Amino acid sequence: MDVVVTGGRGSSGRWIVDRLAGPHDVTVLDRHLPDDGGHPAVGYRALDLTDAGSVFDSLTAIDPDAVVHWAAIPVAGTHPGVDLFQNNTLAAHNVLSAAGRVGADVVQGSSDGAYGFFFAEETPVPDELPITERHARRPEDDYGLSKVVTEEIGKTIARRDGISVASVRPSWIQSPGAYPCRDEEYVDDLAAGAGNYWSYVDVRDVVDLVEAALTSDIDGHEAFNCVGPDNALGRPLVELMREHYGAVPEDCTVEGDAAAYSTAKAAELLGWEPTRSWREAADEDVDVPRV
């Protein structure tokens with residue numbers, strides 16, 4: 001399969017590229033070419049994804065079978081809101097529009113930020129636990145809003161061009177051996193992780209889901225939660241909710257130290273389940289891919 005990956009040189013994108021290179025022919029589209037030549041099995045093109053003409057020219061020239069759109073300004077607070085929103089939404093529109101025109105299926109990076117919990121002025125108790133993909137999306141920030149819009153773009157392109165689009169919603173991606181969700185100041189302060197209900201996901205589980213979405217038969221647009229198998233504190237989630245928020249939603253079926261987000265949809269449609277817990281992965285010694 002010929003696969004284009006945008007943002008393939010980023011902190012999580014490089015793990016996706018490293019996994020796909022070899023089994024597939026991979027071309028990375030990013031702002032800059034690697035100084036050291038990059039991954040030996042990967043092709044590179046430097047371009048600005050907000051330039052619609054450059055994106056269309058590149059994708060029509062490559063004519064890929066699939067596109068993994070992973071490029072974005074990844075968190076709120078690092079760029080002015082307007083710049084972040086414009087970059088993320090315009091890049092998504094350009095990449096997905098071009099993918100639709102060449103008939104390439106898409107897996108794109110969304111976020112649990114689309115639900116609006118993490119960057120809310122006051123994080124609410126969710127409508128349900130675990131949180132499913134059907135939960136209302138109510139962002140108050142530009143980052144979360146950009147992810148809502150990019151998912152709507154995915155729905156539009158899937159309808160218009162008949163391709164499949166999978167939107168992956170990770171929650172605070174961690175790398176093996178570097179798990180900030182287990183830092184002392186995080187673990188000892190309940191408020192530090194309350195914005196996403198103490199959720200996290202190992203980058204390798206993210207890659208597994210991306211790969212599963214690429215090789216599965218998806219009809220139209222589907223969104224998938226992508227979180228670890230437990231919460232980052234290792235305590236009963238209901239206990240954490242009551243201690244910090246003073247309440248749990250009426251619709252609550254979580255047990256033990258489960259994650260706040262449901263991954264049942266990904267298990268059913270993609271055959272994917274998270275397999276890496278902080279209990280083992282936080283101290284693993286794994287080389288970071290070179291891309």
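Author: A salt bridge is counted here when a side-chain nitrogen of Lys or Arg lies within 4 Å of a carboxyl oxygen of Asp or Glu. The model is predicted, so local features need pLDDT of at least 70 and side-chain atom pairs count only at pLDDT 80 or more, while totals for chains, interfaces and linings use all residues. Residues are numbered from 1 along each chain as its sequence is written, and side-chain values use heavy atoms, with hydrogens and water left out.

Asp127 lies in the loop between strand 5 (105–109) and strand 6 (128–129), and Arg138 in the loop between strand 6 and helix 4, so the pair ties together parts that are eleven residues apart in sequence. Helices (H or I, at least four residues) and strands (E, at least two) are DSSP runs, numbered from the N terminus. Asp127 is partly exposed, with a relative accessible area of 41%, and Arg138 is also partly exposed, at 46%. In these terms, buried means under 20% relative accessible area, exposed over 50%, and partly exposed in between (1.4 Å probe, protein chains only).

A second salt bridge links Arg169 with Glu151, and here the closest N and O atoms are 2.7 Å apart. Because Arg169 lies in strand 7 (residues 165–170) and Glu151 in helix 4, this pair ties together parts that are 18 residues apart in sequence. Arg169 counts as buried, with 3% relative accessibility, and Glu151 counts as buried at 1%. Elsewhere, salt bridges that share partners join Arg19, Asp205, Asp208, Glu211 and Arg276 into one network.

A further salt bridge brings together the side chains of Arg101 and Asp161 (3.4 Å, N to O). This pair links distant parts of the chain, 60 residues apart: Arg101 belongs to helix 3 (residues 81–102) and Asp161 to helix 4 (residues 142–161). Arg101 is exposed, with a relative accessible area of 53%, whereas Asp161 is partly exposed, at 23%. Over the whole structure, the search finds 20 salt bridges.

Seven strands form an open sheet in the order 3-2-1-4-5-7-10, with parallel pairing; two strands pair if DSSP finds at least two bridges between them. Strand 3 (42–46) and strand 10 (221–226) are the edge strands, each pairing on one side only. Within the sheet, strand 1 (residues 2–6) and strand 4 (residues 66–69) run parallel and are joined by four bridges, and Val3 stands opposite Ala66 in strand 4.

The search also finds one cavity of 30 Å³ or more. A cavity is a set of points, on a 1 Å grid over the protein atoms alone, where a 1.4 Å probe fits but cannot get out, and its lining residues have an atom within 4 Å of a point. The volume of the largest cavity is about 50 Å³, a volume being the space filled by probe spheres set on grid points joined across faces, edges and corners. Among the residues that line the largest cavity are His69, Trp70, Asn88, Gln108, Lys147 and Thr150. Helix 3, strand 5 and helix 4 each supply at least two residues of this lining.

Technical notes. 1 Å grid on protein atoms, 1.4 Å probe; cavity = no way out; pocket = protein on both sides within 12 Å on 5 of 7 lines; lining within 4 Å.
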